[in-house]
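Colleague: Could we walk through this model together? I would like to start with the sheet and then turn to the helices.

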Amino acid sequence: MNDFTTEPAAEAIAYIESHLDQHLNLKQVADAVHYSRFHLHRIFTTVVGMTLHDYIRRRQLTEAAKLLVFSELPVIQIALTAGYGSQQAFTDIFKAMYKLSPAAYRRRRRFYPLQSAFHLLCRPVTSLKTPLPPVTCASLYDIPDWMELAAMTVDGFPCFEETDHLEKLKGYIYRQQALIVRDEEQIIGALAFSDRTGNVDFLSIHPQYRKRKVEETLLEYIIRNPLAGRPISITTFREGDRADTGQRKTYQRLGFREAELLTEFGYPTQRFLLQPDKRSWSHE
């Protein structure tokens with residue numbers, strides 16, 4: 001079973017979500033949900049995969065981005081609503097995360113989230129020693145659960161747009177290039193790839209299962225089957241991007257190596273390559 005109960009993290013998320021228009025910090029949230037700061041920080045980081053501070057910042061900036069696109073509120077008012085004491089402080093962090101100033105982002109009229117609200121599983125995650133369920137091809141029936149996972153893990157995808165992804169997902173499913181791993185009724189891992197380019201276009205793991213080597217299971221499947229003997233590519237954040245919550249380190253741990261710098265949908269990214277004989281988990 002999991003070493004951590006999800007209850008403290010779930011209570012903290014519920015409090016944060018109902019107070020996004022306020023200045024929030026670890027002490028305030030810990031006091032509100034009646035846990036020590038150390039205990040809450042430890043459990044929140046383990047369960048969610050990022051610190052409580054990072055979750056708050058990303059959620060508040062996401063709501064601010066939504067207001068920039070869908071309202072006419074002045075930037076200073078949005079900054080204050082997002083918990084920042086000045087427009088300059090808000091502008092600096094917004095630009096670091098979104099790669100555009102608030103004014104430029106507003107002019108584009110194209111909203112995408114940095115972080116969606118987390119919905120944690122209340123049941124314990126299965127033991128690390130328990131074999132994972134098999135990889136299967138996704139069907140149209142799986143789309144709602146796939147999109148739910150995508151929304152929760154949107155922090156891993158620069159410029160993720162739900163409508164665009166949904167349309168592409170249907171094509172992946174039709175071509176049998178959308179793979180999933182389920183644990184009971186929950187999709188805990190999803191991967192979409194192109195057998196034409198050898199590119200992994202989407203790889204998402206449920207945060208509470210990131211220690212279960214679900215990435216390895218999905219990648220092993222395409223290495224042994226549709227992409228056998230071919231290099232695999234994936235794109236992610238560039239080095240030093242403050243919006244990166246750990247994707248680069250994950251791919252490097254799996255054996256991917258840096259390749260060319262790219263710009264996708266106006267966002268600076270980098271391609272990573274995995275050669276068939278460079279899997280870092282192959283000898284584990």
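This is a predicted model: local features need pLDDT of at least 70, side-chain atom pairs count only at pLDDT 80 or more; totals for chains, interfaces and linings use all residues.

Colleague: How many residues of β2 are buried?

Modeller: Residues are numbered from 1 along each chain as its sequence is written, and side-chain values use heavy atoms, with hydrogens and water left out. Strands here are DSSP runs of E with at least two residues, helices are runs of H or I with at least four, and both are numbered from the N terminus. Taking buried as under 20% relative accessible area, exposed as over 50% and partly exposed as in between (1.4 Å probe, protein chains only), β2 is mostly covered, and the buried count is six of its six residues.

Colleague: Which residues point each way from β2?

Modeller: In a regular strand the side chains alternate between the two faces of the sheet. In β2, Leu179, Val181 and Asp183 point one way, while the other way go Ala178, Ile180 and Arg182.

Colleague: In what order do the four strands of the open sheet lie?

Modeller: Strands count as paired if DSSP finds at least two bridges between them. β1 and β2 are joined by two bridges, and β2 and β3 by six. The pairing is antiparallel, and the order is β1-β2-β3-β4.

Colleague: Which residue of β2 is the bridge partner of Cys137?

Modeller: Cys137 belongs to β1 (136-137), an edge strand that pairs on one side only. Thr136 has Ile180 as its bridge partner in β2. For Cys137, the partner is Leu179.

Colleague: Which helix lies across β2, β3 and β4, running at about 90° to β3?

Modeller: Angles here run from 0 to 180 degrees between N-to-C directions, with axes fitted to C-alpha atoms, for helices over the stretch in contact. Helix α10 (residues 214-224) also touches β2, β3 and β4, but its direction makes about 40° with that of β3. The helix at about 90° to β3 is α8.

Colleague: Why is α4 called roughly perpendicular to α6?

Modeller: Two packed helices are described by the angle between their axes and the distance between the axes. The axes of α4 and α6 are 11 Å apart. Angles of 65 to 115 degrees count as roughly perpendicular, under 35 as roughly parallel, over 145 as roughly antiparallel and the rest as oblique. The label for α4 and α6 therefore follows from their packing angle of about 95°.

Definitions and conventions. Contact means heavy atoms within 4.5 Å.
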